[in-house]
Amino acid sequence: MKRVSLLLLSAALLVLLAVVAPAGAAAGKRPAAAELTECDTSLDPAERHMVAEGRMGAVSGAAKLRIRFGLQVRTPERPRWTEVEGEKLGVWMTVSPAPRRRYVYAKRIENLAAPADYRMVVRFKWIGANGRKLASAKRTTETCEEPDLRPDLTPDRVTLAPGADPGWARYVVPVRNAGKTAAGPFAVTVAVAGEILRAEVPDGLDAGETIELEIPGPRCEPGAPIQVTVDPDGRVDDADEVDDSLVRACP
């Protein structure tokens with residue numbers, strides 16, 4: 001499996017907690033378990049985080065317990081699960097077990113990139129007094145999904161309507177917010193016949209909402225290009241800027 005530097009995707013804060021509790025509690029009778037306990041989404045990268053727990057129970061004859069956390073990520077551009085490199089990831093941690101106890105380790109990852117999916121692969125080992133491995137296990141948590149919550153403005157099309165006189169037209173442009181959150185104020189421009197026509201959307205656009213703009217200007221020549229651009233000033237932090245512009249031939 002390929003490894004990806006965590007710094008390319010997000011900054012991370014890793015926190016390790018060791019909790020000693022009576023055996024047979026939350027982990028049940030299984031000697032090993034892994035669980036995704038927190039997965040927070042947000043527009044603010046600093047607020048995106050996940051917490052995974054690894055639980056180990058004692059095994060007869062084991063003198064040491066070892067646990068290792070591995071973080072995996074997949075994105076729309078890289079849909080296969082890929083291992084992430086980071087501080088204290090992929091490192092074995094060792095404790096000496098108390099009799100009839102279980103151990104809970106929690107790993108917290110912050111500043112997660114979006115859109116992306118994350119999961120933790122937790123490996124366990126039980127080592128005897130002679131240093132030999134008595135048992136091992138691997139558990140994978142559920143997926144922490146981090147969607148891109150930003151707005152996504154896109155012009156659906158451009159059509160012409162009659163203007164005030166034969167030399168003029170109204171350029172009708174429906175603009176849609178296909179994102180998951182509202183967009184603030186933005187502008188829309190239509191480049192036609194050597195001019196830049198402009199309209200403002202001062203109230204912005206809610207998620208899933210479409211607004212239809214009519215922008216008056218000189219009538220384009222049949223076959224000449226018409227270019228529509230949404231948010232040419234870059235006031236909106238848009239999820240996908242590729243679809244912010246379209247070019248059509250004048251009918």
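## Exercises on disulfides, an aromatic pair and a sheet

With a disulfide taken as a pair of cysteine sulfur atoms within 2.5 Å, the count comes to two disulfides. The model is predicted, so that local features need pLDDT of at least 70 and side-chain atom pairs count only at pLDDT 80 or more, while totals for chains, interfaces and linings use all residues. Residues are numbered from 1 along each chain as its sequence is written, and side-chain values use heavy atoms, with hydrogens and water left out.

**Exercise 1.** Describe the disulfide of Cys39 and Cys144, and work out its handedness.

*Solution.* Begin with the distance: the sulfur atoms of Cys39 and Cys144 lie 2.1 Å apart, and the two residues form a disulfide. Next comes the torsion about their S-S bond, which is about 80 degrees, so the disulfide is right-handed. The pair links distant parts of the chain, since Cys39 lies in strand E3 (residues 32-40) and Cys144 in strand E11 (residues 144-146), 105 residues apart; strands here are DSSP runs of at least two residues (E), numbered from the N terminus. Finally, consider accessibility, where buried means under 20% relative accessible area, exposed over 50%, and partly exposed in between, with a 1.4 Å probe and protein chains only. Cys39, at 29%, counts as partly exposed, whereas Cys144, at 0%, is buried.

**Exercise 2.** Find the aromatic pair of the structure and decide how its rings are arranged.

*Solution.* Rings of Phe, Tyr and Trp (its six-membered ring) pair if their centres lie within 6.5 Å; planes under 30 degrees apart count as stacked, over 60 as edge-to-face and the rest as tilted. A search of the whole structure finds one such pair. Its members are Phe124 and Trp126, with ring centres 6.3 Å apart and planes at 20 degrees, so the pair is stacked. As for cover, Phe124 is buried at a relative accessible area of 1%, and Trp126 is likewise buried at 2%.

Definitions and conventions. Helices (H or I, at least four residues) and strands (E, at least two) are DSSP runs, numbered from the N terminus.
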